[in-house]
Each structure stands twice: as C-alpha cells, then as structure tokens.
Amino acid sequence: MTVLYHPTPEVVANIRSWAGQVDAIFVVDNSGGDIPAVVSAIAALGKVVLTRNRENEGIARALNIGAEKAGEEGYDILLTMDQDSSAAPDMVEKMLTCLGERDSARVGIISPFHMTKSSGNPPSGVACQDVMTPMTSGCLLSLDAYREVGPFRDDLFIDFVDNEYCLRLRKQRFLVLRANDALLQHSVGDTHKYGPFIATNHSPLRRYYKTRNRFLVNRLYRRDFPGHCLFDRVRLAKEIASIILFEGEKLAKLRMMWRGYRDYRRGKFGKYEE
C-alpha cells in the first residue's frame, strides 16, 4: 500500500518500482478535493484499490485503512510504502527471506535498509537483525500482529506513528527486524549534515507534531525502553540545536515546538487546529 498527499508525477515511477513485487496495491489518497491526473495515472496501473479521503486524515488513519482493506481481501502481510520511496527489484524477496529465518508468528514488522542522504551503507555480514523503531516506508507488516496489538494511533496524525507502533509491538513480544540486503531509496526532504548535527528543515507544523507526539511516546514507553527514550531526549536536544544553528524560520519552529509540548501536557491530540 501507499499513502498519497498531493503526489507529483515521480510517484508513478516509485510505485512501479515495487508494484511487481506484490499481488495488490492499496492506495489511500489524503489529498482531498478533485482527483488529480497523477492519482488517475496511479489508479490505471492495474491491481490498484483506491480509497480517497475527503481531507487529510493523517498517516495513521491512512495506514489503518490500508491494513483493514488488505485484511478483508484475505492477505496476511502488507507492504507499507511512502509516496517518495522506491524499492530495489528484490526488496520484498529479501525481506521474506529474513522472515523465514525467524519464528514468523512472532514477527511484527520487517524493515528494509533505508538508503538516505545520511544513512551510509548497510552493515556487511548481517542479513537480518533486530532494530528498535524503523520508519514504516518499505516495511512488511504482519496483519496477524496488527490485529493482536491494535491499529496505528489515529490521534498522533503524523510523526512518531511508526515509533509508537514498533515499541508497542516489542512490548507485546513481537519482533521488529531489518533485512539489510533489502534496499529502499527514501527521500527525507531538504536534509543536510553538519558534523554531529542533521538539519532536516522540517516545517514549523511538522515540528509541532514531532514534539507533541514524541513526549507522549516517551511517557508511554520509558519504563519498558528507558535506553531508547533517553536516546530520543538527546536527539531532541540536537534537533533544537540544529534549528538554532542551521535552519530557517527559527522562531516559528521553536514556537510550534512549544505549542506541541503545551498540547501534549493538555492531552490535546489529533490534527492541529489554530
């Protein structure tokens, strides 16, 4: 499946990179409004099941729609792809090989190795390894595990949806794995590395969601995964430093981060409203 949000023509090529590796393509369009030519081109690819939401309902809701439709069609595993990701020709095959090396009934998610500007090369000599919280793009999601642990959290809307879900899987004794030989090209936007700092140049709104949701995830899982949550606090400090030192719209981003923290403390989640 893939989630669309105002897709560009390049998305068609991205979907073609993995379309031949799956039996059906579940597409959830969060763009709203009239159907654009790009979405029509995607629908014409074949074996596409298209769902169009009236407005942007968030990545979590879109993932749940895809998982529910795949389950209704009798599938056991769902490939979750971002619209700006493309897959190597054997990516799914490599991940299924990793699945065969473990107790498949206890595998919740298998991730590929995400090739990004800052990722480096995959580790050599380790075909399949445990990882903590991979991003959802390119992952194989066990629908049996999905039914057992519950759906993605709609109230997070976007950001830390994958983080929370992987921690929930791990808490309930499911494995979260990465197939290092399975390669996914993933775009992370306008990202630049400055020594130990990574400037992602996310918008002020994305900074709101990241701040609000990460504090919730840390509160929910700090007892079960204290090392991971401590690491994330360090990452938050480095993100703030990157914004101050290297990014534009500094005050707007810091202001939205404060609003995110304030709404977390108030218990206000869902889509951001002024």
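Figure 1. Y194 lies in strand β10, which spans residues 192-194. The structure shown in this and the following views is a predicted model. With a relative accessible area of 34%, Y194 is partly exposed, because the partly exposed class lies between under 20% for buried and over 50% for exposed. Together with I240, I244, L245 and F246, Y194 forms a nonpolar patch on the surface. The accessible area of these residues together is about 420 Å². Helix α8, residues 226-246, supplies the largest share of the patch, namely four residues.

**Figure 2. Salt bridge between R61 and E68.** The structure holds 17 salt bridges, and one of them joins the side chains of R61 and E68. The N to O distance in this pair is 3.8 Å. R61 counts as partly exposed, at 26% relative accessibility. E68 is likewise classed as partly exposed, with a relative accessibility of 36%. Side chains of opposite charge can pair when their charged atoms come close.

Figure 3. The side chains of D159 and K210 meet in a salt bridge with an N to O distance of 3.5 Å. The pair links distant parts of the chain, with D159 and K210 placed 51 residues apart. D159 belongs to the loop between α5 (143-149) and α6 (161-171), whereas K210 is in helix α7, residues 204-221. Both D159 and K210 are buried.

Figure 4. An N to O distance of 3.6 Å separates the side chains of E247 and R207 in their salt bridge. E247 is buried, with a relative accessible area of 2%. R207 also counts as buried, at 2% relative accessibility. Salt bridges with shared partners join R207 and E247 into one network with R214, D232, R235, E239 and K253.

**Figure 5. The second largest pocket and its lining.** This pocket has a volume of about 290 Å³. Its lining comprises 15 residues, and Q21, V22, D23, I77 and L79 are those nearest the pocket centre. The elements that contribute two or more residues to the lining are β4 (77-82) and α4 (91-100). Of these, β4 gives the most, with three residues. By class, the lining of the second largest pocket consists of twelve nonpolar residues, one polar residue and two charged residues.

**Figure 6. The largest cavity and the residues around it.** The structure holds one cavity of 30 Å³ or more. About 40 Å³ of space lies in the largest cavity. The residues that line the largest cavity are Y208, R212, D263, K268, F269, G270, K271, Y272 and E273. Sorted by class, this lining has five charged, three nonpolar and one polar residue.

Conventions:
Residues numbered from 1 in each chain as written. Predicted model: local features only at pLDDT ≥ 70, side-chain atom pairs only at ≥ 80, totals over all residues. Heavy atoms only, no water. 1 Å grid on protein atoms, 1.4 Å probe; cavity = no way out; pocket = protein on both sides within 12 Å on 5 of 7 lines; lining within 4 Å. Points joined across faces, edges and corners; volume = space filled by probe spheres on them. Nonpolar A, V, L, I, M, F, W, Y, C, P; charged D, E, K, R; others polar. Patch = residues over 30% accessible without salt bridge, like charges linked within 9 Å, V, L, I, M, F, W, Y side chains within 5 Å. Areas by Shrake-Rupley, 256 points an atom, 1.4 Å probe, with all protein chains shown as cover. Salt bridge = Lys/Arg side-chain N within 4 Å of Asp/Glu carboxyl O. Buried < 20%, exposed > 50% of the residue type's maximum accessible area, 1.4 Å probe, protein only.
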